[in-house]
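I opened my notebook to look up charged pairs and surface patches. Here is what I went through.

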Amino acid sequence: MSYKFHQFQVVGRGLPTESDEHPKIYRMKLWATNEVRAKSKFWYFLRKLKKVKKSNGQMLAINEIFEKNPTTIKNYGIWLRYQSRTGYHNMYKEYRDTTLNGGIEQMYTEMASRHRVRHHCIQVIKTATIPAKLCKRESTKQFHNSKIKFPLVFKKVRPPTRKLKTTYKASRPNLFV
Amino acid sequence: MPFKRYVEVGRVALVNYGKDYGKLVVIVDVIDQNRALVDAPDMVRGQMNFKRLTLTDIKIEIKRVPNKKTLIAALEAGDVKNKWENSSWGRKLIVQKKRASLNDFDRFKIMLAKIKKAGVVRQELAKLKKETA
């Protein structure tokens with residue numbers, strides 16, 4: 001599964017000066033499509049928190065963070081701040097997925113579809129893996145059932161490869177499962 | 001016409017699109033409305049969209065997300081391989097695969113066998129016609 005948004009750990013600090021030999025080192029975990037964008041985002045956020053800019057700071061490390069257990073299902077809670085047409089708002093959203101990157105990607109696509117918010121207007125404040133008891137949204141809680149059972153109601157008939165696709169079919173497809 | 005095949009833990013499904021096309025996999029957990037966690041003895045446990053799966057009649061007894069050993073044991077206990085290969089759906093797929101892998105000599109042999117079979121059928125038919133006539 002290739003994800004558009006990758007998680008990076010970015011570590012940086014201000015440049016050492018005569019007054020401050022060992023400036024404080026700051027570390028951020030953030031999502032970006034590539035490393036270059038991650039570094040840029042890091043300076044953007046750090047500028048808002050501390051009096052340091054890219055011109056008088058240095059990047060110490062940037063590593064991509066990969067999912068530890070991509071074969072288990074987790075409930076992710078994501079706190080975000082986004083800019084709508086009228087102002088800034090905070091939001092808390094829940095997603096069920098196997099990886100955090102997958103949950104974040106679901107969040108970006110959902111915000112774009114439900115609220116027409118583009119990804120550069122979204123800031124992820126915090127993410128957490130939520131145990132099933134503490135989930136707040138009904139849409140995630142409905143899958144917390146060890147004996148889950150439902151039928152697939154509508155069968156989409158499609159050829160097994162794009163090559164075998166044809167515009168006209170001889171007979172109507174059978175859509176019953 | 002109620003539903004007979006359900007998405008549930010232990011349902012065996014056939015992959016009908018993508019890299020794992022034609023494989024039998026077991027639904028091991030449900031992620032959300034569109035995706036399931038799916039496992040098979042020869043692949044890493046991963047997620048798959050229901051659009052890529054066709055449910056079969058076969059179901060095995062497992063708990064949610066078993067480890068690989070338990071899954072393989074449950075597949076043996078449920079006799080999935082034999083049930084699949086003896087079902088009409090499974091047999092059809094085996095025949096399709098065999099036909100696709102024939103070489104010219106095999107096709108020649110099949111042509112001779114078909115002619116022979118047609119000859120025997122026609123003899124029997126002629127015998128029956130003579131008896132009734």
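Predicted model: local features only at pLDDT ≥ 70, side-chain atom pairs only at ≥ 80, totals over all residues.

I found A:E67 partly exposed, because its relative accessibility is 26%. Its salt-bridge partner is A:K74, with 3.5 Å between the closest N and O atoms. A:K74 is buried, because its relative accessible area of 14% is under 20%.

I then looked up A:N75, in strand 4 (residues 74-83) of chain A. A:N75 counts as buried at 8% relative accessibility. Its side chain makes a polar contact with the side chain of A:R96, at 3.1 Å.

I counted salt bridges over all chains and noted 16. I picked B:K68 and B:D39, whose side chains meet at 3.0 Å, N to O. B:K68 sits in helix 1 (residues 68-78) of chain B and B:D39 in strand 4 (residues 35-40) of chain B, so this pair ties together parts 29 residues apart in sequence. B:K68 is partly exposed at 30%, while B:D39 is buried at 1%. Elsewhere, A:K93, A:E110 and A:R114 are joined into one network by salt bridges that share partners.

A:R114 is exposed at 59%, but A:E110 is buried at 17%.

A:R47, A:K48, A:K51 and A:K53 gather in a positively charged one. A:K51 is exposed at 87%. B:I115 lies in helix 4 (residues 104-132) of chain B.

Key. Residues numbered from 1 in each chain as written. Chains lettered and ligands numbered in written order. Heavy atoms only, no water. Patch = residues over 30% accessible without salt bridge, like charges linked within 9 Å, V, L, I, M, F, W, Y side chains within 5 Å. Areas by Shrake-Rupley, 256 points an atom, 1.4 Å probe, with all protein chains shown as cover. Salt bridge = Lys/Arg side-chain N within 4 Å of Asp/Glu carboxyl O. Lys, Arg positive; Asp, Glu negative; His and termini not counted. Charge placed at Lys NZ, Arg CZ, Asp CG, Glu CD. Buried < 20%, exposed > 50% of the residue type's maximum accessible area, 1.4 Å probe, protein only. Helix = DSSP H or I, 4+ residues; strand = E, 2+ residues; numbered from the N terminus. Polar contact = N/O pair within 3.5 Å; in protein donor to acceptor, adjacent residues only side chain to side chain.
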